[in-house]
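Subject: Structure handover

Hi,

Here is the structure I promised to pass on.

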Amino acid sequence: MCSPSSCLSACWCSGPPACWASASPTGPRRGRAVLRVPGLAFLYSRPGLAFVLLAVLLAALPFMVGGGLGNSWVRVLDFVLLYMLMAIGLNIVVGYAGLLDLGYIAFYALGAYFYAWLASPHFGLHLPFWMVLPMGAAFAGLFGVLLGAPTLRLRGDYLAIVTLGFGEIIRIFMNNLNAPFNLTNGPQGMNLIDPVKLAGVSFGKPLHVLGMTVPPTYLYYYLFLALTLLAIGVAMRLQDSRVGRAWAALREDEIAAAAMGINTRNTKLLAFAMGATFGGLAGGLFAAFQGFISPESFTLWESILVLCMIVLGGMGNIAGVLLGAALLTIIPEALRYLGDLQRATIGHVVVDPADLRMLLFGVALVSMMLFRPSGLMPSRQRKRELAAEDGVAEQERADLYDSRA
């Protein structure tokens, strides 16, 4: 018999699985069981305590990671939060409204370049961060509407092709708009971008407080964390609102949604605008954080990576999207150490870590499509639809594969 403290490893015990409980409160359900962890059950019954512990953990995370793994991994945490912001925005377009967007990185680029135009020596402007960032997000949102307007009648593969072209057009423009008027400085990119400066504190320098020195990467972590939490709150409220239900109706059946009186044009445009706004917000933060941007940072691969994050985590589910963004940001960084490991064990590198990362990335995606197409943490609605025993499940699976083709 397993003890409560060893419940996480109960599946390896030889006795009856006493700590396995049914997902249903009414009793066991054949073939479907979840693991009941006493600690989590205790926290679940006390949401206030769980919230406090989570807040303390998030506040202490950069110090724990920096102390254990080094400050370079705090920088990785910063990028995890940036990718979470982008994934939340793309999830509105793809997960909520069902509009396949392969050019999402274009809005990220627009937000970054807008920030650089107004906060760098390129035009001699150095506007405040709190003014430039929302303007950049709104600028990207406007381009989201401009992209959505001519694509109102497109869905699936055709919409994916158009958005892919839009993303590439933006990147090519950024790469060539250095003559006759130098707008983007071409392939050389724009550097010396102003760091974030709030309340007289520059995030580009270490902060000395209470005898402690807080590095800039730690300061950016707290800023990105606050904005990510804000984005999560906005996305959750949108999902539960009338707009969110209209997006869900649009995703399931556009003709039926129109027959029910939903203005599909405005609903689509709003989805594109909201998703683009989050992308522009992340782009502005990226420019301030890096201090340098170039067209090479906004390739098609970045769009595909963000899309893979929401597919891997669970399309339409905020928790799944966050999980997917964290996994696909952290795991590739961790695999960089395989080169050092090969040198330490056999004296030379047999498999390039970059190639191995791409190989494992491809294997993971193919495995996901074969064995868990709804993602690691699918939304309850999507999970019910895929698990249905009538024809609905087959139709959902067919739509799922069609939309990702």
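Let me start with Ser120: its relative accessibility is 0%, so Ser120 counts as buried (buried means under 20% relative accessible area, exposed over 50% and partly exposed in between, with a 1.4 Å probe and protein chains only). Ser120 sits in strand E3, residues 119-120; helices (H or I, at least four residues) and strands (E, at least two) are DSSP runs numbered from the N terminus. Not counting residues up to four places away in sequence, Ser120 touches Leu125, His126, Met190, Asn191, Leu192, Ile193 and Asp194, where contact means heavy atoms within 4.5 Å.

Before you go further, a word on the source. This is a predicted model, in which local features need pLDDT of at least 70 and side-chain atom pairs count only at pLDDT 80 or more, while totals for chains, interfaces and linings use all residues. Residues are numbered from 1 along each chain as its sequence is written, and side-chain values use heavy atoms, with hydrogens and water left out.

The overall picture

The protein has 16 helices and ten strands. Of its 405 residues, 43% are buried. Among contacts with a separation of 6 or more, 69% are between residues 24 or more positions apart.

Helix H10 and its partners

Helix H10 (residues 264-290) packs with helix H3 (residues 71-96): their axes come within 6 Å and cross at roughly 165 degrees. Axes here are lines fitted to C-alpha atoms, for helices over the stretch in contact, and angles run from 0 to 180 degrees between N-to-C directions. That angle makes H3 roughly antiparallel to H10 (under 35 degrees counts as roughly parallel, over 145 as roughly antiparallel, 65 to 115 as roughly perpendicular and the rest as oblique). The crossing of H3 and H10 is left-handed, meaning that the near helix is turned anticlockwise from the far one by less than a right angle; clockwise would be right-handed. On the H3 side the contact includes Arg75, Asp78 and Phe79, and on the H10 side Ala271, Phe272 and Met274 are among the residues met. By class, the contact of H3 with H10 has 15 nonpolar, three polar and two charged residues (Ala, Val, Leu, Ile, Met, Phe, Trp, Tyr, Cys and Pro count as nonpolar, Asp, Glu, Lys and Arg as charged, and the others, Gly among them, as polar).

Leaving aside neighbours within four places in sequence, Gly89 is in contact with Tyr104, Gly275 and Phe278. Thr228, in helix H7 (residues 216-240), is buried at 2% and touches Leu81, Met84, Leu85 and Ile88, again leaving out residues up to four places away in sequence.

Helix H4 (residues 105-118) packs with H10 too, at about 45 degrees and with the axes 6 Å apart. H4 is therefore oblique to H10, and their crossing is right-handed. Phe107, Tyr108, Gly111, Ala112 and Tyr115 are the H4 residues that meet H10. This contact of H4 with H10 has nine nonpolar, five polar and no charged residues.

Aromatic pairs

How many aromatic pairs does the structure hold? There are 22, counting rings of Phe, Tyr and Trp (its six-membered ring) whose centres lie within 6.5 Å; planes under 30 degrees apart count as stacked, over 60 as edge-to-face and the rest as tilted. Tyr108 and Phe286 make a tilted pair, 5.4 Å centre to centre with 40 degrees between the planes. This pair joins H4 to H10 across 178 residues, and both Tyr108 and Phe286 are buried. Tyr115 and Phe129 have ring centres 6.4 Å apart and planes at 65 degrees, so that pair is edge-to-face.

Most residues other than glycine have a negative phi, and most peptide bonds are trans. The bond from Ala179 to Pro180 is cis, with omega near -5 degrees, and Pro180 lies in the loop between helix H6 (156-176) and strand E5 (190-191). Ala199 is not a glycine, yet has a positive phi of about 55 degrees; at 83% relative accessibility, Ala199 counts as exposed. Leu210 also has a positive phi of about 55 degrees, and lies in the loop between strand E8 (207-209) and strand E9 (212-214).

Cheers
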